[in-house]
Amino acid sequence: MDHQSTPLFTALKKHAAGNPVQFHIPGHKKGLGTDKEFREFIGDNALSIDLINIAPLDDLHQPTGVIEEAQKLAADAFGADYTYFSVQGTSGAIMTMILSVCSPGDKIIVPRNIHKSVMSAIIFAGAKPVFVSPAQDANLGIDHGITTSSVRRALQRHPDAKAVVVINPTYFGVCANLKEIVDLAHSFHVPVLVDEAHGVHIHFHEKLPMSAMQAGADMAATSVHKLGGSMTQSSILNLNTKNGYVNPQRVQTIISMLTTTSTSYLLLASLDTSRRNLALHGREMAEQAMELAHYLRSEINQIEGLYCFGREILGGEATYDHDPTKLTIHVRQLGITGYETENWLREHYNIEVELSDMYNILCLITPGDTQETADILLTALRELSKTYYKENNANELIVKVPEIPHLSLIPRDAFYADTEVIPFKESAGRIIAEFIYVYPPGIPILLPGEVISQDNIDYIVDHVEVGLPVKGPEDRYIDKVKVIVEADPIF
């Protein structure tokens, strides 16, 4: 296929150049009706292609023209049988995957460290999650992925599961053996759905981990906007239909149900052009990012009190491969938290990192980085070390991850049940009716339908007290929590 071509973006430019008289939404009409300051900042070119699904520009909900052509090019670029554009982010694509295969009451095998969008879809579907614990890294205080062994045990206990969800790569860039997991699941006639939010680039370089489509997975939700150059909220859903587990027509129906009818052509055009860039220059772009990341990792590991892991951590079931463009910088030896490090970098160097947790910060290296930005980061980290590093001053590494709570009700039943609000610190033993998760990365601690334990309460309170971003409940301060109303016994 001709990957120089950008059918959708080209059609948008042609339409704008014709300067049509518009009697349709959006009401700003090429920027003339919008705020002056905003228009000057954004620019007339962007506003001229902020359009809707008129006939020359096709319709994302039932594409038959330039959007269909653009999606076929994307499928070819990513080695998929079908590719669907998402303007609802990867969250929308993830929900589409699950709703495409799960019906009320169906079981689905999921890692406990899944993104909250997975649980949203499970609630919508009325499905029952079967949780698999991710492997924990006791040296770094982070979770990796799920292992082949744990998936095998889950499938043996629940051979009637409708799908297995795998994160590949994890937020921190670590991968289990995806091909092995896919082959195992398929031997049980169970499809594999991959959260590939942080892996759009891995398909384009042989030194990067295997992509979902290369591994033979059945569906993969992939964030082009995170690392592939498109605009925020634009993602793709890739399908592999060779094994017969996925119905592309049903997938189109579900993604249409979840998608706004006012689809953003700016987002769609950025997907079209980013596909071109990746197809033509993806290997070169990945090579450039990897070289810069290797330089940074080497320099960071010479700074006192800092450690940035690389391939030396590989060799376990959950640590089969690694994406080097993810820089996880362990700061425990400085005697400060990752959250404090994030704030220090912001205040002193105007640097924003991807995330922080108790012991780490995460920096993403992409084709948008340069030697200049890399050296700014190194200068900042060297000063950070001079400011905080003292021998024997390390924080004690305590990986306090409570046991997965008992699931007393399927999440949908809990979410829609009669509820009451009680003090969170007094909620042990009650069934929660809302989410509590750490975001980023959006990993749930408690889910609707689970029984709250004292361990859960202590873990969450500890996170809140050190300032980590615990979110989810209607009470943003997590003083109160919504639980299922328990009827008094009748004697």
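**View 1. Strand 1 and its pairing with strand 10 in the predicted model.** Strand 1 is mostly covered, with four of its five residues buried. Its pairing partner here is strand 10, which spans residues 235-239. The two strands run in the antiparallel sense and are joined over five bridges. Within this pairing, T83 has N238 of strand 10 as its bridge partner. In general, strands of a sheet pair through backbone hydrogen bonds, either parallel or antiparallel.

**View 2. The second largest cavity, lined in part by strand 1 and helix 11.** This cavity holds about 60 Å³ of space. Its lining is made up of L60, H61, Q71, Y84, F85, Q252, I255, S256 and T259. Two elements, strand 1 (82-86) and helix 11 (248-258), each give two or more residues to this lining. Helix 11 gives the most, with three residues. Sorted by class, the lining of the second largest cavity has four nonpolar residues, five polar residues and no charged residues.

**View 3. The largest cavity and its lining from helix 12.** The structure holds four cavities of 30 Å³ or more, and the largest has a volume of about 80 Å³. It is lined by 13 residues, of which H201, L227, M285, A286 and P367 are the closest to its centre. Helix 12, residues 265-300, supplies five residues, the largest share of this lining. By class, the lining of the largest cavity has eight nonpolar and five polar residues, while charged residues are absent.

View 4. One of the residue pairs shown is I329 with its bridge partner I361 in strand 15.

**View 5. I122 and its contacts.** I122 is part of helix 6, which covers residues 116-125. Because its relative accessibility is 0%, I122 counts as buried. Leaving out residues up to four places away in sequence, I122 touches I98, I108, V110, A127, P129 and P411. I98 is 24 residues from I122 along the chain, and the C-alpha atoms of the two residues are separated by 7.2 Å.

**View 6. H28 in a loop between two helices.** The loop that holds H28 lies between helix 1 (7-17) and helix 2 (36-42). Is H28 buried or exposed? H28 is buried, because its relative accessible area of 12% falls under the 20% cut-off. Apart from its neighbours within four places in sequence, H28 is in contact with G33, T34, L47 and D50.

Notes
Residues are numbered from 1 along each chain as its sequence is written. This is a predicted model: local features need pLDDT of at least 70, side-chain atom pairs count only at pLDDT 80 or more; totals for chains, interfaces and linings use all residues. Side-chain values use heavy atoms; hydrogens and water are left out. On a 1 Å grid over the protein atoms alone, a cavity is a set of points where a 1.4 Å probe fits but cannot get out, and a pocket is an open set with protein on both sides within 12 Å along at least five of seven lines; lining residues have an atom within 4 Å of a point. Grid points are joined across faces, edges and corners, and a volume is the space filled by probe spheres set on the points. Ala, Val, Leu, Ile, Met, Phe, Trp, Tyr, Cys and Pro count as nonpolar, Asp, Glu, Lys and Arg as charged, and the others, Gly among them, as polar. Two strands pair if DSSP finds at least two bridges between them. Buried means under 20% relative accessible area, exposed over 50%, partly exposed in between (1.4 Å probe, protein chains only). Contact means heavy atoms within 4.5 Å.
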